[in-house]
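Hello,

Here is the structure I promised to pass on. Please have it open while you read, and I will walk you through what turned up.

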Amino acid sequence: MKREKDKKFMQEVFSLAEKGRGTTSPNPMVGAIVVKGNRIVGRGYHKKAGSPHAEVIALKEAGPKSRGATLYINLEPCVHYGRTPPCAPRIIEKGIKRVVIAMLDPNSRVNGKGVTMLKKAGVDVEVGIEEEKARKLNEFYIKHITTNLPFVILKWAMSLDGKIATCTGDSRWISGEESRAFVHSLRNQVDGILVGIGTVLQDDPLLTVRKVPVKKQPLRIIIDPNLSFPLTARMLQEEGGNILIFTGEDIDKNKKEQLLAKDVEIVPCGEKRIHIENMLKILGKREITSLLVEGGSKVFTEFLEKKLPDKIYTVVSPLLLGGEKALTPFGGKGVEKVKAGIQFKEIHWFFRGKDVIMEGYPKYSTEDKQLLS
């Protein structure tokens, strides 16, 4: 009964934490509740980096009722000074009797230290309630804090016959209005959106959040070895996230100066080809915790061949396009045997309008997963 009660209260914690989705990066999403006599007397969630942590807000709302109460939280309380003071000492100070934690914080400055501090102060601590859900909730944060790399999501829309564009390159619109709104909700959650220069030249995209209430505009990232980015691009005409172009070494200096004058950031990352792994390292150091890769086929193929995506969304529309030369999301040489193909785990299918969307996590063996070092 006690464990079931803990699980029930942890669901409330997750609901609170979700309110911070898209706004807390590079921090995790965290919710907290204070329970006294089976009644919630304090609630809190972390809104954005630099703002009070969830447990601090919950404890403040609970006030004197915190003494002898139970605190539920989805991530281990911190013990270090960052943008805000540590939380574990505050929990002890307020007289919390028991703390139920979904998962330890993988941050090396915290990992296990918060639990140790609480236990030494005589607080009853339980860890691991709904841990799997907690890890899924903060998958962006966990990937970044443990590797200093962004969590990479690939997203494409394709026809029933697997085409992401017609033989002429036209792709507007393969997916329906509802699916496109879903994609904008994805953009609303991530720190960066990435496309190749081919997509910019063909589609002239804005790469902004629209169609949903905007929490933030992510960084717009372009892979452009030869600096072919047009000065007439819509991205330069309309407001949105900052623009970062990864280029090769040998580029037009005059074009570079013109783009710099328009507040475009240009970063060399390779000679004739962009070194994708180094690019991800650069983004990770800039606290880009999550990256949504939206095209095109060459970019998708390079990410997939290097086994870099952490998650993939595929929007499948009831439409046939045909065309031997029409692009598919995954090109390259391909595999020789079916069993060598990339498979998926934790697959989830759902509808948006007439389209069906697959959400899944690619499975890589330890032998073929290329480690970034």
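Predicted model: local features only at pLDDT ≥ 70, side-chain atom pairs only at ≥ 80, totals over all residues.

**Pocket and cavity**

The largest pocket has a volume of about 1300 Å³. Its lining is made up of 50 residues, and Thr 199, Glu 294, Gly 295, Gly 296 and Ser 297 are the ones nearest the centre. Sorted by class, the lining of this pocket holds 20 nonpolar, 15 polar and 15 charged residues. Which helix gives the largest share of that lining? It is H12, with 7 residues. H12 spans 297–305, and S6, H7, strand S7 (192–196) and H8 also supply at least two residues each.

The space in the largest cavity comes to about 140 Å³. There are 18 residues in its lining, with Thr 24, Ser 25, Asn 27, Met 29 and Phe 140 nearest the centre. That lining divides into 5 nonpolar, 10 polar and 3 charged residues.

**Helix H6**

Phe 140, one of the residues nearest the centre of the largest cavity, also belongs to helix H6 (residues 139–147), where it is buried along with Glu 139, Tyr 141, Ile 142, Lys 143 and His 144. What do the buried residues of H6 pack against? Their partners are helices H5 (131–137) and H11 (276–285), together with strands S6 (151–159), S11 (290–293), S12 (311–317) and S14 (355–363). Just past the end of H6, Asn 148 has a positive phi of about 60°.

In soluble globular proteins, nonpolar side chains tend to be buried together. Here the largest nonpolar core counts 41 residues, and Met 10, Ile 33, Val 34, Tyr 72, Ile 96 and Val 99 have the most contacts inside it. Helix H1 (residues 2–18) gives the largest share of this core, with 6 residues. Apart from this core there is another, of 30 residues, which includes Phe 151, Val 195, Phe 229 and Tyr 313.

Val 99 is worth a click in your viewer. Setting aside neighbours within four places in sequence, Val 99 is in contact with Leu 71, Ile 73, Ile 91, Leu 118, Val 123, Asp 124, Val 125 and Glu 126.

Ile 266 sits in strand S10 (residues 265–268). It counts as buried because its relative accessible area is 11%, under the 20% cut-off. Beyond its neighbours within four places in sequence, Ile 266 is in contact with Leu 227, Ile 245, Thr 247, Ile 251, Lys 256, Leu 259 and Leu 260. Ile 266 and Leu 244 are 22 residues apart in sequence, yet their C-alpha atoms are 5.9 Å apart.

Thr 208 lies in the loop between helix H8 (197–203) and strand S8 (219–223). Not counting residues up to four places away in sequence, Thr 208 touches His 184, Arg 187, Gln 217, Arg 220, Glu 239 and Gly 240.

**Salt bridges**

Side chains of opposite charge can pair when their charged atoms come close. The count of salt bridges here is 21.

- Glu 18 and Arg 21 meet at 2.8 Å, N to O; Glu 18 is partly exposed at 34%, whereas Arg 21 is buried at 17%.
- Glu 177 and Arg 180 also meet at 2.8 Å, N to O. Both lie in helix H7 (residues 177–187), 3 residues apart, or about one turn of the helix. Glu 177 is partly exposed at 43%, and Arg 180 is buried at 14%.
- Lys 354 pairs with Asp 355, with the closest N and O atoms 3.3 Å apart. Lys 354 is partly exposed at 47%, while Asp 355 is buried at 0%.

Salt bridges with shared partners also link Arg 3, Asp 6, Arg 98, Asp 124 and Glu 126 into one network.

Happy browsing, and best wishes

Methods:
Residues numbered from 1 in each chain as written. Heavy atoms only, no water. 1 Å grid on protein atoms, 1.4 Å probe; cavity = no way out; pocket = protein on both sides within 12 Å on 5 of 7 lines; lining within 4 Å. Points joined across faces, edges and corners; volume = space filled by probe spheres on them. Nonpolar A, V, L, I, M, F, W, Y, C, P; charged D, E, K, R; others polar. Helix = DSSP H or I, 4+ residues; strand = E, 2+ residues; numbered from the N terminus. Contact = heavy atoms within 4.5 Å. Buried < 20%, exposed > 50% of the residue type's maximum accessible area, 1.4 Å probe, protein only. Core = buried A, V, L, I, M, F, W, Y, C linked by side-chain atoms within 4.5 Å. Salt bridge = Lys/Arg side-chain N within 4 Å of Asp/Glu carboxyl O.
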